Amino acid sequence: MELSICIPIFNFDVRELIAGLKKEIETNGIDAEIILIDDASDLSFKQMNASLQDNVQHLIFLEENIGRSKIRNLFLQYARGKYLLFLDCDVKIDSEKFLQNYLSNIKQRPDIELIYGNFKIATQYAATLRNRYSVEREIFSGAQSTDFSLFKTVNFIIKKNILEKFPFNEELTDYGYEDFIFAKLLELNKVKFLAINNPVIHFDDTTNGVFLRKAEIGMNSLFKLSESGQNNVFIKDIKVYKVAMKLRQLKLASLFLFAYGIFEDSIKKNLLSEHPHMKCFDFYKLGVLIRKMK
């Protein structure tokens with residue numbers, strides 16, 4: 001088996017995504033299987049996706065939510081492919097040659113061990129804070145790159161033996177930074193990486209308020225990581241962490257928090273508006289993190 005397509009599901013209808021993948025597989029005779037693991041979704045979504053049982057190799061429903069890292073590692077128990085293609089459940093295929101583009105790059109560069117494919121934002125959600133952040137900070141331009149910092153877990157393909165050797169950190173159970181830590185682990189171990197523009201379309205309807213709460217959870221995850229010195233090698237290049245540590249070293253953290261407190265309401269008002277500004281989001285995350293560090 002050449003390819004195992006691994007899709008963790010949580011509260012999303014993946015029928016259109018699976019239809020697109022199946023069409024390309026069958027039209028082009030691609031040696032691939034599809035594996036779905038539902039991470040304790042609501043009953044309505046379980047019932048929607050249960051109809052896919054006969055269209056995929058495995059459809060597993062978990063009784064309890066195990067989180068973003070652990071569920072990705074769980075696919076290793078079911079996947080037979082030499083390569084594992086991970087897709088977030090809230091995406092759709094953007095090209096009839098999506099799988100072929102990956103397989104073509106693998107054929108041309110068999111030494112490459114992980115390829116990140118990028119993503120686009122669904123038009124109807126483009127104005128939200130979450131998706132503005134993606135456009136300005138996460139989505140890359142250009143045909144190819146070897147910059148590991150571009151990596152996101154939304155759409156990537158990896159050799160199975162590499163994931164077996166370097167699994168996701170299952171201690172990261174809350175939202176935030178599991179993709180960054182995973183990428184840094186692979187980079188430190190000199191895993192051969194390539195980013196190509198082979199995107200999926202991301203349908204993320206997270207509201208600004210929910211995304212702010214997720215950002216706070218992410219800062220809490222980062223703070224917990226910072227409490228152990230052994231994690232420094234993984235987090236030292238995270239921008240918000242670098243700035244927070246610099247302010248602490250210069251004994252300016254209290255002054256920053258005083259200034260942040262003055263503008264906090266205005267910052268949150270902007271971030272909850274229809275025109276959120278990324279600089280305000282940077283200050284918001286920094287304020288949350290430094291407060292946790294006090």
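What follows are my notes, starting with the sheet and moving out to helices, loops and surface.

**Entry 1: what I have in hand.** I am working from a predicted model, so I read every value below as computed from that model.

**Entry 2: the sheet.** I found an open sheet of eight strands, running β3-β2-β1-β4-β9-β6-β10-β8, with mixed pairing. The edges are β3 (58-61) and β8, and each has a single partner strand, so one side of each has no neighbour in the sheet.

**Entry 3: strand β10.** Strand β6 (residues 114-116) pairs with β10 in the parallel sense, over three bridges. I looked for a residue pair there and noted L114 opposite F193. Strand β8 (residues 144-145) runs antiparallel to β10 and is joined to it by two bridges. On that side, S145 has A195 as its bridge partner.

**Entry 4: helix α4.** I turned to α4 (residues 98-108) and listed its buried residues: F98, L99, Y102, N105 and I106. Why do I put them on the same side of α4? Because they cover an arc of only 130 degrees around the axis. The spacing makes sense to me, since an α-helix has 3.6 residues a turn, so residues three or four places apart point the same way. On the other side of α4 I found K107 and Q108, both exposed.

**Entry 5: T27.** I went to helix α1 (residues 15-28), where T27 sits. T27 counts as exposed because its relative accessibility is 61%, and the cut-off for exposed is over 50%. I also checked what its side chain touches: a polar atom there lies 2.7 Å from the backbone oxygen of K23. For a sense of scale, I took T27 and D205, which are 178 residues apart along the chain, and got 32 Å between their C-alpha atoms.

**Entry 6: two positive phi values.** Most residues other than glycine have a negative phi, so I wrote down two that go against this. N118 has phi near 80 degrees and lies in the loop between β6 and β7 (119-121). K190 has a positive phi of about 60 degrees and is in the loop between α7 (178-188) and β10.

Which of the two labels, buried or exposed, does N118 get? N118 is buried, with a relative accessible area of 1%. K190, at 71% relative accessibility, counts as exposed.

Entry 7: I followed up on F263, which is in helix α11 (residues 253-271). F263 is exposed, at 51% relative accessible area.

Methods
Residues are numbered from 1 along each chain as its sequence is written. This is a predicted model: local features need pLDDT of at least 70, side-chain atom pairs count only at pLDDT 80 or more; totals for chains, interfaces and linings use all residues. Side-chain values use heavy atoms; hydrogens and water are left out. Helices (H or I, at least four residues) and strands (E, at least two) are DSSP runs, numbered from the N terminus. Buried means under 20% relative accessible area, exposed over 50%, partly exposed in between (1.4 Å probe, protein chains only). The arc is that of the directions from the helix axis to the C-beta atoms. A polar contact is a pair of N or O atoms within 3.5 Å; within protein, one must be able to donate a hydrogen and the other to accept it, and residues adjacent in sequence count only if both atoms are side-chain atoms. Two strands pair if DSSP finds at least two bridges between them.
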